[in-house]
Amino acid sequence: MYYLFILAIAVERLVELVVSRRNAQWSFANGGEEFGRGHYPAMVSMHALLLVSCIAEVAFLHRPFIPWLGWPMVALVGASTVLRWWCAATLGKHWNPRVIVVPGAPLVTRGPYRWLHHPNYTAVTVEVAALPLVHSAWLTAIVFSLANAAILDVRIRTENRALGYAT
């Protein structure tokens, strides 16, 4: 079942890529400018390798499903997915995993953005830690949480500059 869960997450990521490609085309057609293009491939690679590592650690190191850990982690992955799609719905055509800013577009301050500048990254941080722990793949959780923190450090600074926040 865990492998099917990871497959479902992978399919969801492919859907995100389709939506982001459509939104990027719209943004560029409306004068959008991309920032931080250099870190985007590292971010995509990290997320793809996370899924592979979740499977590999469980398969090769025989990590068990521990119900008292696994079920709460499933709930956290579900909640983080809901939050990420809430972010996407709130941003509409402006949502993208790439940093593309359309000149003159107002800064979004509704939905989850009422409370956080970067709610999507909060959701991603929770998911990166929780997804491997669904099946007690703790090495993957640690390694990819650290990798995600490094990428988000670059990413958030880039996005803050692009949106005109003081950094």
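Helices (H or I, at least four residues) and strands (E, at least two) are DSSP runs, numbered from the N terminus, and the helix α3 is followed by glycine 92, whose phi is positive, near 60 degrees. The model is a predicted one, in which local features need pLDDT of at least 70 and side-chain atom pairs count only at pLDDT 80 or more, while totals for chains, interfaces and linings use all residues. Residues are numbered from 1 along each chain as its sequence is written, and side-chain values use heavy atoms, with hydrogens and water left out.

**Helix α3**

- With 25 residues, α3 reaches 36 Å from its first C-alpha to its last, close to the 36 Å expected at 1.5 Å a residue, where the expected span is 1.5 Å times one less than the number of residues.
- Among the buried residues of α3 are Leu69, Met73, Val77, Arg84 and Leu91, buried meaning under 20% relative accessible area, exposed over 50%, and partly exposed in between (1.4 Å probe, protein chains only).
- What covers the buried residues of α3 includes α1 (2–29) and α4, with contact meaning heavy atoms within 4.5 Å.

**Positive phi in residues other than glycine**

- Histidine 62, which lies in the loop between α2 (40–60) and α3 (67–91), has a positive phi of about 55 degrees although it is not a glycine, and histidine 62 counts as exposed because its relative accessibility is 65%.
- Serine 136, found in the loop between α4 (119–133) and α5 (138–163), has a positive phi near 55 degrees, and serine 136 is buried, with a relative accessible area of 7%.
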